[in-house]
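Here is a short tour for anyone who likes to start from the geometry. Have a look at the model, and then we can go through it together.

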Amino acid sequence: MTLLPWHAHGWEWFERARNKGAIPHALLLEGAPGAGGHEFARFLAASLLCSAPRENYFPCLDCKPCHLYAAGNHTDLMAIQPDRKSTRLNSSHMSESRMPS
């Protein structure tokens with residue numbers, strides 16, 4: 001699990017927000033198709049769930065939450081995305097959605 005070079009600006013924002021204790025309750029991530037947005041979202045989620053993040057808030061990948069996340073079984077994670085036919089979210093997307101691995 002790695003960040004792509006063009007995600008550096010977004011990750012720096014996240015580090016500053018986390019250092020201030022000012023992480024919002026929800027994030028809406030948007031980007032061009034193929035730019036690695038899903039990878040960034042998965043990395044961010046892993047970092048937030050990790051119980052022993054590294055100095056730069058990268059996930060440790062060794063703690064129990066990291067193992068649950070990697071197995072797709074972390075109960076505190078829900079990913080919401082529109083159906084392939086739509087570009088809009090609605091309440092039906094809030095059901096039992098899970099972060100794809």
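A residue counts as buried when its relative accessible area is under 20%, as exposed when that area is over 50%, and as partly exposed in between. Keep this cut-off in mind while reading, and remember that the model is predicted.

**Overall layout**

How many helices and strands does the chain have? There are three helices and zero strands, and the order along the sequence is α-α-α. The chain has 101 residues, and 30% of them fall in the buried class. Its accessible surface is about 7500 Å², with carbon and sulfur atoms making up 53% of that area. For contacts in the chain between residues at least 6 apart in sequence, 49% link residues that are at least 24 apart.

**A salt bridge inside a helix**

Side chains of opposite charge can pair when their charged atoms come close. In this model, the count of salt bridges comes to one. Which side chains form it? R42 and E39 do, with an N to O distance of 3.6 Å. That pair qualifies because the cut-off asks for a side-chain nitrogen of Lys or Arg within 4 Å of a carboxyl oxygen of Asp or Glu.

Both partners belong to helix α2, which covers residues 37–49. R42 and E39 are three residues apart, or about one turn of the helix. Is R42 buried or exposed? R42 is buried, because its relative accessibility is 19%. E39 has a relative accessible area of 38%, so this residue is partly exposed.

**Positive phi in the loop**

Next comes the stretch between α2 and α3, where α3 spans residues 64–70. Y57 sits in this loop, and L61 is also placed between α2 and α3. Y57 is not a glycine, yet its phi is positive, at about 70 degrees. L61, likewise not a glycine, has a positive phi of about 70 degrees.

What is the burial class of Y57? Y57 is buried, because its relative accessible area is 17%. L61 has a relative accessibility of 39% and therefore counts as partly exposed.

| Residue | Relative accessible area and class |
|---|---|
| R42 | R42: 19%, buried |
| E39 | E39: 38%, partly exposed |
| Y57 | Y57: 17%, buried |
| L61 | L61: 39%, partly exposed |

Definitions and conventions:
Residues are numbered from 1 along each chain as its sequence is written. This is a predicted model: local features need pLDDT of at least 70, side-chain atom pairs count only at pLDDT 80 or more; totals for chains, interfaces and linings use all residues. Side-chain values use heavy atoms; hydrogens and water are left out. Helices (H or I, at least four residues) and strands (E, at least two) are DSSP runs, numbered from the N terminus. Buried means under 20% relative accessible area, exposed over 50%, partly exposed in between (1.4 Å probe, protein chains only). Contact means heavy atoms within 4.5 Å. Accessible areas come from the Shrake-Rupley method with a 1.4 Å probe; for residues, only the protein chains shown count as cover.
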